[in-house]
Every structure is written in C-alpha cells, then in structure tokens.
Amino acid sequence: FLYLDVVEGVEGIGKTTLLIKLYEDLKKHPEFNPVWVCMTVFDPLRKGSRANPDSLVTLANNLDDYRQLLLELATEFPQDVFGDFGVCVEKIFAATLADFLTKEVKVDLGGVTIQTGNIHVGAFSRLADGQLKTGDVIIKVPDQPFRLAIAHLKNELTQEFVERVNKVEKKVRCVLLMDNFQLVLSDEVGKWFLSGVATKLDNTVVVLAKTQTTTAIDLPDSMMIGLPNFSLVEVELYLSKRLDLKKFPKELSKSIFNYTGGHPQAVVLAADLCDSLQKRNVEEKSFIDIFGEIPLEHAQKLTKLVDKIKDSIQDDIVKKSLEIGWVVRRFDADLIRHLILEGQKANDPQESQKYDNIMSRLEEYSFTENHGEYYKFHDFIRLSMERRLRKDNPKRYQGIHQQAAIYYGQKLIAYDRDRKDQSSYLNWFRYEAYEWQVLMAEWLFHLKYTPDRQFARLMFLQIYVDAFWWWGFYERFPFCERLLSEWG
C-alpha cells in the first residue's frame with residue numbers, strides 16, 4: 001500500500017526544514033529507516049543534458065540519472081538486509097548490453113566480458129550517439145530496439161530496487177524523503193520514480209517536497225499537504241520561543257505579522273533582527289518603527305530585513321562575512337579569513353585568532369546552512385542579496401569574486417604541489433577527484449566575474465576540453481555537464 005505525501009509551498013515556506021526535521025527525528029527511533037535525498041543534483045536544466053528530450057542520447061542520460069538516484073537511495077538502507085545493490089546494477093547493465101550487441105547489432109563480443117558500471121553505462125550513451133566502435137567498424141544502432149533495451153533496463157532496475165526495499169520493510173518501517181522534487185517532475189527520472197518505485201512499495205511512506213508548479217502529482221492514495229504562511233497566533237508562538245517577549249513591545253508580534261504576511265522565512269529574519277537589536281539595548285519604540293513601512297514586493301521585504309540585520313551588527317568581521325556569503329556559493333572560516341584579509345595577513349596567528357569562532361557567530365542567523373564540509377546562505381536569501389549587491393556596489397561585488405578566484409587558484413596550486421611526485425599520466429586522474437572538481441568549479445565560477453574575461457574564457461575552454469578528452473569523449477562525464485551549465 002502506498003503512503004505518498006506531497007508537501008507543497010512557495011520558496012522559503014519551510015519545506016526543506018520540515019523534511020530535515022522528519023529525517024532527524026526518525027533517525028532516533030530504530031524501528032524506522034528514513035532516507036533523505038535532494039533532487040537538485042538530478043535537475044536536467046542544471047546538467048544541461050536535455051537539449052533534445054526525444055533523442056536517444058537524452059534517453060540514455062535519463063537512464064544514467066535514474067540509476068544514480070536508486071544507487072544514492074540504496075546507500076541509506078541497512079546493507080545486511082538490502083544487499084550490494086551496486087554490484088547487482090552492474091550485472092543487469094552488463095547482461096543487457098551484451099544481449100543487445102549480439103542480438104540487435106550483431107556484434108561478436110569474442111569472449112570479452114563487460115564488467116564495470118562506468119563502462120557499460122558509457123557504452124549505452126555512445127551507442128545512442130552512434131560512436132561505439134568494434135575494431136575499425138562503427139556500430140550503427142537501430143533506433144527502436146535501443147529504446148526497448150533502455151526500457152528493459154529501467155524496468156529491471158526498478159524491480160530489483162523495489163524488491164530490496166520491500167525486504168527491508170519486513171524489519172523496519174521505511175520513509176523516503178525527497179526534496180525539490182519539482183526539478184524532475186516533468187523529466188523521465190521523476191516519472192519513472194513515481195510510476196515504477198513509489199507505487200510499487202508495499203508499506204513505505206514517501207514524502208515529496210516541491211514548490212508550487214503547474215505540473216501536479218496525480219497518484220491514487222496520495223495526499224497533498226500545502227504549507228501556508230504562519231497565522232498571527234503562530235507568529236506569536238514562534239517569537240515566544242526565539243525571544244524573551246517581556247523585553248519587547250506588546251505590539252511586536254502583530255507588527256511583524258503585518259510586515260511579513262506570516263511568511264516563515266521572513267518571520268525568522270525578523271526574529272534575527274530583533275535579537276540582534278535587543279543585544280544593543282535599542283529603545284522599545286524602535287522595534288515597532290522598523291516594521292512600519294511595508295515594501296510592495298515580498299523579495300524587497302526580505303532584503304530590507306537582511307539589511308537591517310546587517311546594520312544592527314557591530315562586529316565588523318561578521319558584517320564583511322555576510323557580504324562575502326551573498327557572493328560565494330560555499331564558504332568556511334579559511335575562505336572568510338582570506339577574503340577579508342585579502343591574503344595579506346591570512347597566515348598571521350594574531351589575525352587568524354579573530355576568526356576562530358566566525359562560523360558559530362554566523363550560525364546565529366537563520367539563513368546560514370551547515371552542509372558539513374562547507375557552509376552557505378539559504379539560496380532564497382542569498383540570490384536576492386547577491387543581485388542587489390551586484391547592482392548597487394559592482395566594485396565590491398567584483399572584488400569579492402576576484403579574491404575568491406585568487407583563493408581557489410592557490411588551493412589548486414597546493415593540490416598539484418602535494419602530488420608533484422606523481423607521473424604526468426597519474427596527474428590526469430585529478431579530473432575524477434571530487435576535491436579537485438570542487439576547487440576547479442569554484443575557481444572557474446569566480447573567475448567568470450573578474451575583469452579579465454578573455455583569460456577566464458580561455459581557462460574554461462582549456463579545463464573543459466581537457467576533461468572532455470580525459471573522460472567525456474568516451475562516455476558521459478557529469479563534471480563537463482556541470483561546467484557547461486554554470487558557464488551557459
């Protein structure tokens with residue numbers, strides 16, 4: 001029986017917060033097995049891989065995304081019950097590809113065994129593009145049989161995954177939490193998951209979070225949960241948990257409600273502002289005056305609130321850190337220190353000491369997100385502030401990008417220096433290393449906004465072509481897709 005809940009609401013309403021809270025609470029109970037995944041990494045627009053939705057290449061790429069989604073979900077199930085899904089996937093692909101080549105394309109494999117997931121997934125993409133060769137012969141792929149082979153693979157993967165989840169369900173209750181599902185709702189990955197996985201699970205709760213879109217999820221036994229704005233009572237309740245309301249005017253809750261319209265993200269920012277001002281012993285009347293003027297647009301309200309929060313901060317390091325956070329996509333204490341000091345005194349022990357607790361100081365604000373290996377500001381807030389800074393202070397905006405490019409450039413030099421003893425051939429493997437990919441992607445991203453646009457374009461082309469030569473020419477390489485989408 002399917003238990004499908006669809007959580008829907010506008011940006012900043014609290015969908016992600018709700019799913020994370022559910023995940024963390026369920027993790028505390030051994031009788032539940034929560035699984036959380038964000039669909040952002042499967043967004044076809046981000047990947048730039050859906051130019052022609054009806055082409056064989058697109059269909060093969062959809063299959064690869066679907067495979068990766070199921071593999072990611074599989075990692076959060078108990079492996080002693082769920083088993084090694086990755087090995088099973090490789091066997092399914094290898095058997096299907098061998099069968100397709102021998103029956104439909106009439107290729108003699110000559111006893112060669114196709115073993116790894118990367119090889120046969122890449123082989124399917126190359127088959128779709130008509131680029132696979134055997135000896136000196138280019139394989140010409142029949143269109144319809146190839147589409148049938150992909151459909152067969154999709155069904156085999158789905159059946160195997162569902163059987164394993166249902167097996168786990170006999171021991172614990174499974175809950176699948178999937179954020180930003182609107183990104184794949186119109187794509188094959190989303191359609192395949194809904195029709196093939198979600199409707200076939202015996203006793204699993206599936207919770208999908210999505211923004212309001214024209215595409216609806218119409219499945220039997222599903223329940224739509226719309227997240228509304230806070231009521232006045234809920235605003236008062238939230239503020240009572242965040243602030244000591246005895247120290248604030250009685251009209252504060254109503255003023256904040258009228259100003260924000262009860263939008264949760266805006267209410268949280270208002271509480272951040274009140275907390276910051278209260279620490280400075282601001283007069284009571286000032287709190288009401290702050291929320292007196294109501295801008296016309298919702299985005300204006302948010303940026304104005306963040307402006308007031310920044311103005312209320314007396315710590316210069318925190319103020320500058322906020323500006324940096326509007327521009328960069330990820331940060332930690334090391335990057336903040338280098339960008340504020342512009343590299344001059346970043347290694348000075350006395351200067352560095354001032355930044356020891358900068359992350360905890362930034363985490364006091366509701367829009368700071370801790371992603372484990374890095375921090376970032378909530379995109380809903382960050383992008384509005386980034387656009388405003390770019391318009392109002394282009395020199396400062398460009399300066400942050402320039403210093404960030406220098407920072408990541410130094411990190412890349414250090415990465416290569418640590419591996420200087422490797423052979424030139426082994427150095428090419430850095431294109432597959434996650435750490436190097438992150439550093440390079442951030443360096444190119446910031447380089448794009450520096451004054452020397454010609455140099456930035458040349459560096460992008462060099463890295464892209466090298467990466468394509470190393471992997472992309474032979475099979476699908478997501479790093480190349482990422483670079484194209486960010487430079488598009």
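User: Which residues have the most contacts inside the largest nonpolar core?
Analyst: The model is a predicted one. Its largest nonpolar core has 75 residues. Apart from that core lies another, of 50 residues, with V35, A74, L176 and L194 among them. Inside the largest core, the residues with the most contacts are F291, F331, F367, I381, W443 and L444.

User: Leaving aside neighbours within four places in sequence, what is F291 in contact with?
Analyst: F291 is among the residues with the most contacts inside the largest core. Once neighbours within four places in sequence are set aside, its contacts are L252, S255, I256, Y259, A270, L273, C274 and L305.

User: Which elements do the buried residues of α8 pack against?
Analyst: Eight of the eleven residues of α8 are buried, so the helix is largely enclosed by the rest of the structure. The buried ones are V189, G190, W192, F193, L194, G196, V197 and A198. They pack against α3 (56-74), α7 (143-169), β5 and β6 (205-211).

User: Is N180 buried or exposed?
Analyst: N180 sits in the loop between β5 (173-179) and α8 (188-198). Its phi is near 55°, a positive value in a residue other than glycine. The cut-off for buried is under 20% relative accessible area. N180 has 19% relative accessibility, so N180 counts as buried.

User: How many residues apart are E8 and K210, which form a salt bridge?
Analyst: The closest N and O atoms of E8 and K210 are 2.4 Å apart. E8 is buried at 17% relative accessible area, and K210 is buried at 1%. E8 belongs to strand β1 (residues 3-9) and K210 to strand β6, so the pair links distant parts of the chain, with a separation of 202 residues.

User: Which helices are tied together by the salt bridge between E323 and K310?
Analyst: The side chains of E323 and K310 meet at 2.8 Å, N to O. The two residues are 13 apart in sequence. E323 counts as buried, at 15% relative accessibility. Because E323 lies in α14 (residues 316-327) and K310 in α13 (residues 298-312), the helices tied together are α14 and α13.

User: Which residues are linked with R382 in a network of salt bridges?
Analyst: R382 is placed in helix α18 (residues 379-392) and is buried, at 8% relative accessible area. Leaving aside neighbours within four places in sequence, R382 is in contact with G325, W326, V327, V328, R329 and F377. In the salt-bridge network, R382 is linked with E369, K376 and D379.

User: What is the accessible area of the nonpolar surface patch formed by Y425, L426 and F429?
Analyst: Y425 is found in helix α20 (residues 424-427). At 52% relative accessibility, Y425 counts as exposed. Together, Y425, L426 and F429 have an accessible area of about 310 Å².

User: What percentage of the residues in the protein is buried?
Analyst: The protein has 23 helices and nine strands. Its accessible surface comes to about 24800 Å², with 52% belonging to carbon and sulfur atoms. Of the 488 residues, the buried ones make up 49%.

How values were computed:
Residues are numbered from 1 along each chain as its sequence is written. This is a predicted model: local features need pLDDT of at least 70, side-chain atom pairs count only at pLDDT 80 or more; totals for chains, interfaces and linings use all residues. Side-chain values use heavy atoms; hydrogens and water are left out. Helices (H or I, at least four residues) and strands (E, at least two) are DSSP runs, numbered from the N terminus. Buried means under 20% relative accessible area, exposed over 50%, partly exposed in between (1.4 Å probe, protein chains only). Contact means heavy atoms within 4.5 Å. Accessible areas come from the Shrake-Rupley method with a 1.4 Å probe; for residues, only the protein chains shown count as cover. Patches are made of residues with over 30% relative accessible area and no salt bridge: like charges are joined within 9 Å, nonpolar side chains (Val, Leu, Ile, Met, Phe, Trp, Tyr) within 5 Å. A salt bridge is a side-chain nitrogen of Lys or Arg within 4 Å of a carboxyl oxygen of Asp or Glu. A nonpolar core is a set of buried Ala, Val, Leu, Ile, Met, Phe, Trp, Tyr and Cys residues joined through side-chain atoms within 4.5 Å.
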